[in-house]
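Thanks, everyone. Today I want to talk about charged pairs. Please bring up the structure.

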Amino acid sequence: MTITIDTESGFCFGVTSAIEKAEEELKKGPLCCLGDIVHNGQEVERLEQAGLRTIGYADLEQMQGGRVLLRAHGEPPSTYQTAQKNNINIIDATCPVVKKLQERIKQVHDTECTMHDAQIVIFGKVGHAEVIGLQGQTDNTAIVIENLDDLNKIDFHRDIYLFSQTTKSVDEFKKIVESLKLKVERSGLDIKLNVEDSICRNVANRAQRMKAFAAQQDLVIFVGGQKSSNAKVLFKHCLDANPNSIFISSPDELNTSKLLSTFNFQLSTVKIGICGATSTPLWLMEQCKDRLKTLNSEASKQ
């Protein structure tokens, strides 16, 4: 049995930076994080054991003083206003890519939307933390679309500024753009479609790299959090490239009987690849590797 960890998967730059900032600030004293710092239960638990306290918006409203870290996903202006009102010290760990997108959306809202009645459309997941932060830049007037069926939410009598959540699929975004162009053309109206590709290529390019990695393995163990939309998207790419792929969130989910009953081969003779989402820590993938080695050792003794 050979086990290979895809070292190009796992935490993206924004998540790595946020976690490093949290660890650094924890050395200075008590620290809260608004929402899970990353969509991975084990990493959240590790940092909570180190002293990080995860809070919600209701907690923020009730706080007086203290320090709160904003995770990589970014926050709407209302969060900063609440913190200022309650004398809370904000440690801003918003991903630079997300921060730049927030600023651009606010600029378009304050000029084109306010002055020329244009509309902002965001291709993203409704209710996702990043999308909530982006909508906040528009006083929550931006239209969020998740798929082609949502295009009927758009007013085709007004100029359109299309953006994307930074972690969405490039191919899906292209389909949205092409469908929008066709609808604008068919409307016969003098409206402008302004497309701003705001997808983070560091994340988007992982799909193709992960497909190539998965195709080289006999078995793929994908490690991701159940709350992570990025994990679900990347796992689908693994599954497309290699049907012998399974999704787990913890090494505890790995056991010999499950693997042998799911896939028709012996562990000792296969190439196993381990990879993960942008919210999956390397240490968790390494734990999965150790677990597989233990399983193989126990099986060889039987």
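Lysine 227 is exposed, at 57% relative accessibility. Keep in mind that this is a predicted model. Which side chain does lysine 227 meet in a salt bridge? Aspartate 36, at 2.9 Å, N to O. Now look at where the two sit. Lysine 227 is in the loop between strand 10 (219-223) and helix 10 (229-241). Aspartate 36 is in the loop between strand 2 (31-34) and helix 2 (41-49). So the pair ties together parts that are 191 residues apart in sequence. Is aspartate 36 buried or exposed? Buried, with a relative accessible area of 19%. The cut-off for buried is under 20%, so aspartate 36 falls on the buried side.

Next pair. Lysine 28 forms a salt bridge with glutamate 25. The closest N and O atoms are 3.2 Å apart. Lysine 28 is exposed, with a relative accessible area of 57%. Glutamate 25 counts as buried, at 11% relative accessibility.

Third pair. Lysine 99 bridges to aspartate 92, and here the closest N and O atoms are 3.2 Å apart. Lysine 99 is partly exposed, with a relative accessible area of 24%. Aspartate 92 also counts as partly exposed, at 26%.

Now a network. Which residues are linked in it? Glu23, Glu43 and Arg46, through salt bridges.

Last, the total. How many salt bridges does a search of the whole structure find? The search gives 13. Among them is the bridge between lysine 227 and aspartate 36. That's my list. Over to you for discussion.

How values were computed. Residues numbered from 1 in each chain as written. Predicted model: local features only at pLDDT ≥ 70, side-chain atom pairs only at ≥ 80, totals over all residues. Heavy atoms only, no water. Salt bridge = Lys/Arg side-chain N within 4 Å of Asp/Glu carboxyl O. Buried < 20%, exposed > 50% of the residue type's maximum accessible area, 1.4 Å probe, protein only. Helix = DSSP H or I, 4+ residues; strand = E, 2+ residues; numbered from the N terminus.
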